[in-house]
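Hello,

Here is the structure for you to look through. Please open it first, then read my notes below.

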Amino acid sequence: MNRKGVGGIMADQVIYLLLLAVFVALMWGFLRQQQSGAVVWEDYYVKEIAQAVNAAEPGDVLRLDVHTATEVAQKNHVPDLQQIFFFDQETQEVCGQFSLGDRTCFAYVNDVKVAWRIDLGARSGKNVLVLEVGV
Amino acid sequence: MILNRRAETGNQVMVFSFLFFLVIIAGSIALGLGLFFGEPYDVRQSEAQVLALQIKDCVLDHEVDWSRDDAFFTTCRFDRAVLEEDFLVKVHREFVIVGGTLGKVEEDVVRIGSNFESCDFVGKNEHFAQCAQTSFVKGGSGGEEFEVLVGSLHQARRKRV
């Protein structure tokens with residue numbers, strides 16, 4: 001029986017399996033993020049927050065209801081709710097991360113610095129994002 | 001050493017069909033999700049309207065030194081990089097010189113981006129910029145006339161943590 005070249009064919013099959021494994025892993029991660037609705041909520045919240053920051057003046061303090069965002073993040077096992085929003089002062093972006101994985105970011109035009117925190121249960125048991133706008 | 005290479009080329013070419021199927025499957029899943037969740041939340045139109053009004057308020061409330069390149073950004077407190085990346089902004093100024101030589105001066109004092117024609121396609125193609133326009137006079141009758149055109153192409157970005 002001629003078995004010369006069998007090693008090469010096996011190597012081909014291993015490459016196929018590796019490619020398939022990488023593909024399945026990527027699709028699995030992508031689907032898990034989409035399934036939770038995290039990406040849709042991130043998109044909504046960062047755009048609304050950016051609009052609010054654009055309309056703000058230095059010295060303003062904004063309080064925004066982010067209760068649904070915190071619920072989505074909790075459902076997706078995000079360990080620290082204070083970390084679900086992030087303001088990048090370099091790129092002037094507000095980012096939201098309601099699941100383990102990537103975050104969604106949206107830039108604001110207003111050239112201000114933003115300090116932020118989440119007050120848990122601050123208003124009638126609702127979680128509130130507090131933004132302090134400065135220069 | 002003798003290598004058996006019979007039929008190897010055919011085997012290797014199969015990788016393209018394999019990758020093709022992966023792309024088809026990934027595309028189908030992405031398309032299905034897109035149809036299920038719908039289009040992204042679109043704030044471009046309201047963003048363009050708000051920005052046009054903010055520019056109007058700024059020009060009316062402040063004396064912008066148009067001869068300085070960065071005066072518009074510093075006086076109105078707009079981030080230049082963000083505007084240049086995601087927006088179209090045109091501020092057109094007209095005024096009459098009264099004095100020795102009477103003449104009308106027209107100039108674009110701010111011009112960010114170039115494809116302002118895409119604003120004419122609003123309603124025809126949603127992927128073009130969403131635009132807002134406003135015009136006003138500064139300094140009463142005979143003052144400077146301004147036309148502001150703002151277009152937004154602004155989209156959210158996914159970033160690795």
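Two residues are in contact when heavy atoms of theirs lie within 4.5 Å. Keep in mind that this is a predicted model.

Start with the interface. The contact takes in 43 residues of chain A and 35 residues of chain B. Together the two chains bury about 3600 Å², and 58% of that is on carbon and sulfur atoms. Y41(B), R77(B) and R158(B) supply 21% of the area that chain B buries against chain A, more than any other three residues.

Now the polar side. There are 16 residue pairs in polar contact between chain B and chain A. The rule also finds five salt bridges across this interface. In a salt bridge, the side chain of R77(B) meets that of E57(A) at 3.8 Å, N to O. On chain B, α1(B) gives the largest share of the side that touches chain A, with 11 residues.

Next, chain A by itself. Its domain assignment gives domain 1 (1–35) and domain 2 (37–134). The centres of these domains, over C-alpha atoms, are 40 Å apart.

Then look at two strands of chain A. β5(A) (residues 113–123) pairs with β6(A) in the antiparallel sense, over eight bridges. One bridge joins D119(A) to V128(A) in β6(A). The hairpin has two residues between the strands, and S124(A) takes a positive phi near 55° there.

Best wishes

Terms used
Residues numbered from 1 in each chain as written. Chains lettered and ligands numbered in written order. Predicted model: local features only at pLDDT ≥ 70, side-chain atom pairs only at ≥ 80, totals over all residues. Heavy atoms only, no water. Domains from an automatic or database assignment. Pairing = 2+ DSSP bridges. Helix = DSSP H or I, 4+ residues; strand = E, 2+ residues; numbered from the N terminus. Buried area = accessible area lost by both parts, 1.4 Å probe. Salt bridge = Lys/Arg side-chain N within 4 Å of Asp/Glu carboxyl O. Polar contact = N/O pair within 3.5 Å; in protein donor to acceptor, adjacent residues only side chain to side chain.
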